[in-house]
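My notes follow the display.

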Amino acid sequence: MKTKNLRKLFEYDYVKDKLFVKVYPKNGNEYLLIQAPHKEIEDLVLFPYVLLDKSSTGEIVSAVVSNDMLKAYGLDENVLIDLALFNSMELFPAVVEDINSVIANLMGIPLSETETSSQIVVTNTENAFGASTLFYPEMMEELARRHNGSYFILPSSIQEVITMPDNGDFTYEELKEMVTEINHAQVAPKDRLTDEVYYYDATKREFRKGR
């Protein structure tokens, strides 16, 4: 990026419609915690980014918002992140699908109504850093409606999460073991979010680790 355009990253009017969020694990991103505004949610962290380019081929170029940039904007950290979350819904709309439907689409085969699953894949239209979609305004409440109550959240990768109802089929311990095994066997280190399993309590409207 040219020096002139780099200066624009410090101009709020230039970036305000380009702000969006990415979610990363706290562990391993300590340097960003020092250098950038953020919001910690359990052992996850939301960071605001500026979208620089989004090509038709799916390539996304972005820059993390630094503390110096935040200072230049004259905004509170929480206000900036809230704005980035709202922008994300426009820039990278959520995609919420039954997992069997996702698999059928990937394989190019039809899906009958009898083949639907209680597991839901949550990502965005670009399938890039789509795990942050979980934190879009009202998303967790919408998933609770789809699951008819409380549910578990399995961090498949930084690209997506999988949710499943708390219906007694699995315990937290079983799911955590499953996530850990899949992460280390099938997910590239740069794409791993965490080995943790999360829970959304529909009654308390509360997101937390464990159950």
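I took two strands as paired if DSSP finds at least two bridges between them. Helices (H or I, at least four residues) and strands (E, at least two) are DSSP runs, numbered from the N terminus. The model is predicted, so I kept local features at pLDDT of at least 70 and side-chain atom pairs at pLDDT 80 or more, while totals for chains, interfaces and linings use all residues. Residues are numbered from 1 along each chain as its sequence is written, and side-chain values use heavy atoms, with hydrogens and water left out.

**Strand E3**

I looked up the partners of E3 (residues 44-54). E3 pairs with strand E4 (residues 60-64) in the antiparallel sense, over five bridges. Lys54 has Ile60 as its bridge partner in E4. E1 also runs antiparallel to E3, with seven bridges joining the two; Leu19 has its bridge partner in E3 at Val50. E2 is joined to E3 by three bridges, again antiparallel, and Ile41 is partnered there by Leu44. The hairpin of E2 and E3 has two residues between the strands, and Glu42 takes a positive phi near 55° in it.

For burial I used relative accessible area: buried is under 20%, exposed is over 50%, and partly exposed is in between (1.4 Å probe, protein chains only). On that scale E3 is mostly covered, with eight of its eleven residues buried.

**Strand E9**

Which residues cover the two sides of E9? I found Tyr198 and Tyr200 on one side and Tyr199 and Asp201 on the other, all buried, in a strand that spans residues 198-201. In a regular strand the side chains alternate between the two faces of the sheet.

E9 pairs antiparallel with strand E7 (residues 151-157) over three bridges, and Ile153 stands opposite Tyr198. E9 also pairs antiparallel with strand E10 (residues 206-209), over four bridges. Asp201 has Glu206 as its bridge partner in E10. The two strands E9 and E10 form a hairpin with four residues between them, and Arg205 in the turn has a positive phi of about 55°.

**Rings**

I counted rings of Phe, Tyr and Trp (its six-membered ring) as a pair if their centres lie within 6.5 Å; planes under 30 degrees apart are stacked, over 60 edge-to-face, and the rest tilted. The count comes to ten aromatic pairs. I examined Phe20 and Tyr49: the centres are 6.0 Å apart and the planes at 35°, so the pair is tilted. Phe20 lies in strand E1 (residues 19-25) and Tyr49 in E3, so the pair ties together parts 29 residues apart in sequence. Phe20 and Tyr49 are both buried.

I then checked charges over rings (NZ of Lys or CZ of Arg within 6 Å of the ring centre and within 35 degrees of the ring normal). Lys54 lies over the face of Phe92, at 4.8 Å from the ring centre. The charged end of Lys18 sits over the ring of Tyr14, 4.2 Å from the centre.

I worked on a 1 Å grid over the protein atoms alone: a cavity is a set of points where a 1.4 Å probe fits but cannot get out, a pocket is an open set with protein on both sides within 12 Å along at least five of seven lines, and lining residues have an atom within 4 Å of a point. Grid points are joined across faces, edges and corners, and a volume is the space filled by probe spheres set on the points.

The count is one cavity of 30 Å³ or more, and the largest cavity has a volume of about 50 Å³. Its lining includes Leu44, Ile153, Tyr198 and Phe207.

The second largest pocket holds about 240 Å³ of space. Among its lining residues are Lys39, Ile41, Asp82, Phe86 and Phe207. Strand E2 (39-41) and helix H5 (77-91) are the elements that give two or more residues to this lining. H5 supplies the largest share, three residues.

**Contacts across the chain**

Gly149 is in the loop between helix H7 (139-147) and E7, and is buried at a relative accessible area of 18%.
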